[in-house]
Amino acid sequence: MVRTDVTDTDLVWQTEPPAWQNRAGTAQASPAVWAVPRSAEAAAAAVARAAEEGLRVRPVGAGTALSPLAAGQEVMLSVAGLRGVAALDPAAGTVTVWAGTPLGELAAALDSRGLSVPGLGGRASQTLGGALSTGTHGSGLSSARLAASVTGLELVDGQGQLHRLHPGQALFGAAALSLGALGVLTRVTLRVQPAYRLRLSTRPVSWGEVLALGPEYAQAAPHVSLTWRPAHEDHEAILLRRAWPEEAVSGEDRAAAAGAGSTAGLLGGPAQALAEAGELFSPLPAPLRNLLQQRAQAAVLLAPQQALLAADTPLRELEYAVPLAALTATLRDLRAALSSASSAGPALQLPVGVRFVAPDDLPLGTPAGEGAAVIALGAPLELPPEVTGPHFREAEGVLRGHGGRPSWGKLHALGEHELAALYPGWTEFRAARAALDPERRFGSPYLRRILGE
């Protein structure tokens, strides 16, 4: 039954909307309906209406995912109308946020209150619901992905029923990282911690050092990334250390913090070379990369947590998480594979980025163990897929060969059976899907490929 207490101002139900595409242009859709709820009740009414009319629903956020995860041809339900901080509970150490809130907005709002969220990563424009549903994460073994910080959530199931789930309940872990396959996230409660500033340092590393120390870089700082160009010897290790409020009290630190949002940066040399070489791709988000480019005369760089968020310039990216212990062998084989692709076709220099992520207990997250190295190959969208295709295929073969798991929001070629073999929690996730969406109200051709029926 469609709810009658939801007004037109609570729910926009637009028929024959314009065609949709994601920000990178790698996914398109021509939905019959564009629905925009402005409350949890309106989201439930939208799904109930779709169910009555026999229509499938795909939740959509800011469209930052490269995969066609959000694309739907019947109803696309935008969470853009569910936005803002709903409640802050300092005593409990939590914040409740509407799912359509952009991550940049959330990080800035919390920072102004002296707080931050563990596991922040992704793009500034990415919605919280989209970041959780695709398993977005930062870099470093000190914290798991963003979804691991969820302490409660609201979700509308395939019948239009609103569920409130908490840790310990059978469906909770699957709903926290759901691919939009279990329902529509409306509100989410996250753990918060004191705000901090980032101390950035960068150093050149030789190829031999990368191979010798590979996994050990993950232990070097809370936030770590490596950048390397397979045909060159100029590699960079980027270390981001957290400075907690009580530590950032010296005059030097205060001066650096005051300039961190505008012109502060590191001295030239390798850091400047990295910034210049990173125009095509860099694991460093644009705010931090811009700080490097400024070359201000500051020995200490302090930047807020939201500087970890990438800018909105999209790339065509392939990203896999391999077991931490396999990092060295993976990089060695990847270098050879990309060299082979350049010899057989276009000689492209596509830098490779390496980040790290801690394990969690989410069915579609990072399986328990020592953590994973997340390896990304990126190319500008100006290079057509037929040009970059050989490099991406060679890279994916190497990453799969070392037990890699693809990032849910990025491009990959895997299907249901390959993915099921990679996740110990696959059966648990399928059971949650059967409970919350037995009629596959949130199904799509892409979900059928990766999840099956």
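User: In which sense do β1 and strand β4 pair?

Analyst: This is a predicted model, in which local features need pLDDT of at least 70, side-chain atom pairs count only at pLDDT 80 or more, and totals for chains, interfaces and linings use all residues. Residues are numbered from 1 along each chain as its sequence is written, and side-chain values use heavy atoms, with hydrogens and water left out. Strands (E, at least two residues) and helices (H or I, at least four) are DSSP runs numbered from the N terminus, and two strands pair if DSSP finds at least two bridges between them. β1 and β4 (residues 33-37) have 5 bridges, and the sense of their pairing is antiparallel.

User: Which residue in β4 stands opposite Val 12?

Analyst: Strands of a sheet pair through backbone hydrogen bonds, either parallel or antiparallel. Here β1 and β4 pair in the antiparallel sense. The residue opposite Val 12 is Val 36.

User: Is Gln 14 buried or exposed, or partly exposed, and what is its relative accessible area?

Analyst: Gln 14 is placed in strand β1. Leaving aside neighbours within four places in sequence, Gln 14 is in contact with Ala 32, Val 33 and Trp 34. Buried means under 20% relative accessible area, exposed over 50%, and partly exposed in between (1.4 Å probe, protein chains only). Gln 14 is partly exposed, because its relative accessible area is 34%.

User: How many residues apart in sequence are the parts tied together by Arg 83 and Glu 105?

Analyst: A salt bridge is a side-chain nitrogen of Lys or Arg within 4 Å of a carboxyl oxygen of Asp or Glu. Arg 83 and Glu 105 form one, with the closest N and O atoms 2.5 Å apart. Arg 83 lies in the loop between β6 and β7 (85-89) and Glu 105 in helix α2 (residues 103-111), so the parts they tie together are apart in sequence by 22 residues.

User: Are Lys 410 and Glu 319 buried or exposed?

Analyst: Their side chains meet in a salt bridge (3.3 Å, N to O). Lys 410 is in the loop between β21 (405-406) and α11 (416-420), and Glu 319 is in strand β18 (residues 315-323), 91 residues apart. Lys 410 has a relative accessible area of 17% and Glu 319 one of 5%, so Lys 410 and Glu 319 are buried.

User: Which helix holds Arg 430, the salt-bridge partner of Glu 416?

Analyst: The closest N and O atoms of Glu 416 and Arg 430 are 3.5 Å apart. Glu 416 lies in helix α11, so the pair ties together parts 14 residues apart in sequence. The helix that holds Arg 430 is α12 (residues 426-436).

Technical notes: Contact means heavy atoms within 4.5 Å.
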